[in-house]
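Welcome! Have a look at the structure, try each task, and then read on.

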Amino acid sequence: MRVGVGTPRQTQIPPLELPRYSAERLSGIRCIATKLKPESPKESSLTAMVMQRLDALVVLTLTGEGFQRRGGGAAGYVKEAYLAHLIPKQDTNVDDRRYWKVSPPLSLDVLTKQDFLELVEGLEAEFEREYVSQEVDANQERVLVVGMMTGEMERAAFEDSVAELERLVGSAGGEVLQTLKQRRNHPHPQKVVGAGKVEEIAIATQTLGANLVVFDRDLTPSQVRNLEELIGVRILDRTELILDIFAQRAQSRAGKLQVELAQLQYMLPRLIGRGKSMSRLGGGIGTRGPGETKLETERRAIQRRITRLQKEVNQLQAHRSRLRNQRQNREVPTVSLVGYTNAGKSTLINALTNAEVYTANQLFATLDPTTRRLPVPDSTTSEPRTVLLTDTVGFIQELPPSLIDAFRATLEEVTEADALLHVVDLSHPAWESHIRSVKNLLSEMPVMPGPMLTVFNKIDQVYGGTLAQAQAEFPSAVFVSAGDRLGLETLRQKLGQLVRDAVVSL
Ligand SMILES: Nc1nc2c(ncn2[C@@H]2O[C@H](COP(=O)(O)OP(=O)(O)OP(=O)(O)O)[C@@H](O)[C@H]2O)c(=O)[nH]1
Ligand SMILES: [Mg+2]
């Protein structure tokens, strides 16, 4: 038996320390609390019950007076008893947060006749039935998404970025069960979101049976640790999620190499950070020892591996640059497709050249570059001439810096091309901000790319005044539907002009 002094909320046991912790079971703990006022349990106590998945919560209210029975034993002190327990989801309503049932005031006699084992077993059977029926695919992660709108962020930009995070979860193979949002001036230094929100996340995790919570920003190691302790499931930040998608997509040796490098580079400072905070915490007896040493060894091993991978990426870079030189010697101009992820770059190269690049309605479908020959009409002679068209990895806003660094060999295919085709998905509500993100990323690349032609894609899905707006703002752009093979001839001709301009400007 565990005795805690304080309200059920104050004496709460962290999820990871509970004897049992899962969506289909209760924790195996019953809590009895006393209360001076004759009123039913407070919402905070009931919330604490949900978070610990208590078998039951009994609240006894006191009369403030009582008497000693003859022969010992107190009586009359307890006025009434309330019995509260969780209820299965089909009866709950996430919006008004009714996850529980509270009995009317009972007398102690009635309460003692309650068969708790039967109650718990009955509830667990229902939870389990519900859990099994929810479980579509056991391999699919059940994810809760958390978005936080800070200070100067605009509402629309925030909504777009949360929607994008949901799509990233889907692309990583997860299922988004619910998305929770909060507005704060600054992220909370320890927990990112406020205490009330953490509780709401924990409850939603519990009741929906989520096994992963993804945040729309990068988290510090201590934030991750605190949140995992409070919520009880794995916490992932945006960069880790993107790295995970890349890891799943990597096919070629070069791709795998670059992904591993990016993952280790992201991880390393986090390991060091954890080490530091640990030593700051104690800085004395009990803080030295195998924990710290192991961390140090681990850190060195990772550093060594990073150095080796970096060397390999350098070799890869040198190899690619030799290939590019050979192409340039043959005087075949090169054009790279760039653009936001899912803009339709691979669909476009397939439509233009009969390539067989994998396309899909998911983010980061393509990782490895593919190059194909494409005949275009020469802009002066109209004779066909060949250009080499390369499709490669898509961009995203705030592409993690470790990825940019690790993927420099792949990205050089982009920056060292003679010209760029910037593919924009005009059917996407955030197409304008996508253009800005791509331009920002290009401007951060070490080598200045050549001239660029903007291609608006998916015009078959564009409605309202969007097409006219884009045409007015980008008079020299081309408008196509790669999917429906619309506008491809115009695109070929403009490509002919583009490479001539590029070669002239060299
Ligand atoms: N309606 C419509 N859908 C299109 C068009 N072009 C591409 N798509 C769809 O858009 C999705 C993404 O296409 P991809 O070619 O894989 O996009 P990508 O730019 O290569 O994306 P990443 O490789 O992930 O960066 C797919 O579901 C395509 O079928 C188009 O012209 N019209
Ligand atoms: Mg692609």
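A residue is called buried if 20 or more other C-beta atoms lie within 10 Å of its own, exposed if 12 or fewer do, and partly exposed in between, with C-beta atoms placed from the backbone. Helices (H or I, at least four residues) and strands (E, at least two) are DSSP runs, numbered from the N terminus. This is a predicted model, in which local features need pLDDT of at least 70 and side-chain atom pairs count only at pLDDT 80 or more, while totals for chains, interfaces and linings use all residues. Residues are numbered from 1 along each chain as its sequence is written, and chains are lettered from A and ligands numbered from 1 in the order in which they are written.

**Exercise 1. Find how many residues of H10 are buried, and name them.**

Step 1: Eight of the nine residues of H10 are buried, so the helix is mostly covered.
Step 2: The buried ones are Lys 345, Ser 346, Thr 347, Leu 348, Ile 349, Asn 350, Ala 351 and Leu 352.

**Exercise 2. Describe the residues around ligand 1.**

Step 1: A residue is near the ligand if its C-beta atom, placed from the backbone, lies within 6 Å of it.
Step 2: The shell holds 24 residues, and the closest are Gly 344, Asn 361, Thr 366, Gly 394 and Gly 483.

**Exercise 3. Is Asn 342 buried or exposed, and which is Asn 354?**

Step 1: Locate them. Asn 342 sits in the loop between strand S11 (334–339) and H10, and Asn 354 in the loop between H10 and strand S12 (370–377).
Step 2: Count neighbours. Asn 342 is buried because 25 other C-beta atoms lie within 10 Å, whereas Asn 354 counts as exposed because it has 9 C-beta neighbours inside 10 Å.
Step 3: Check the backbone. Most residues other than glycine have a negative phi. Here phi is positive, near 75° for Asn 342 and near 55° for Asn 354.

**Exercise 4. Work out the strand order of the open sheet of four strands.**

Step 1: Two strands pair if DSSP finds at least two bridges between them.
Step 2: The order is S1-S2-S5-S6, with mixed pairing. Strand S1 (30–35) and strand S6 (100–102) are the edges, each pairing on one side only.
Step 3: Strand S2 (residues 56–62) and strand S5 (residues 78–86) pair in the antiparallel sense over six bridges. Leu 62 has Val 78 in S5 as its bridge partner.
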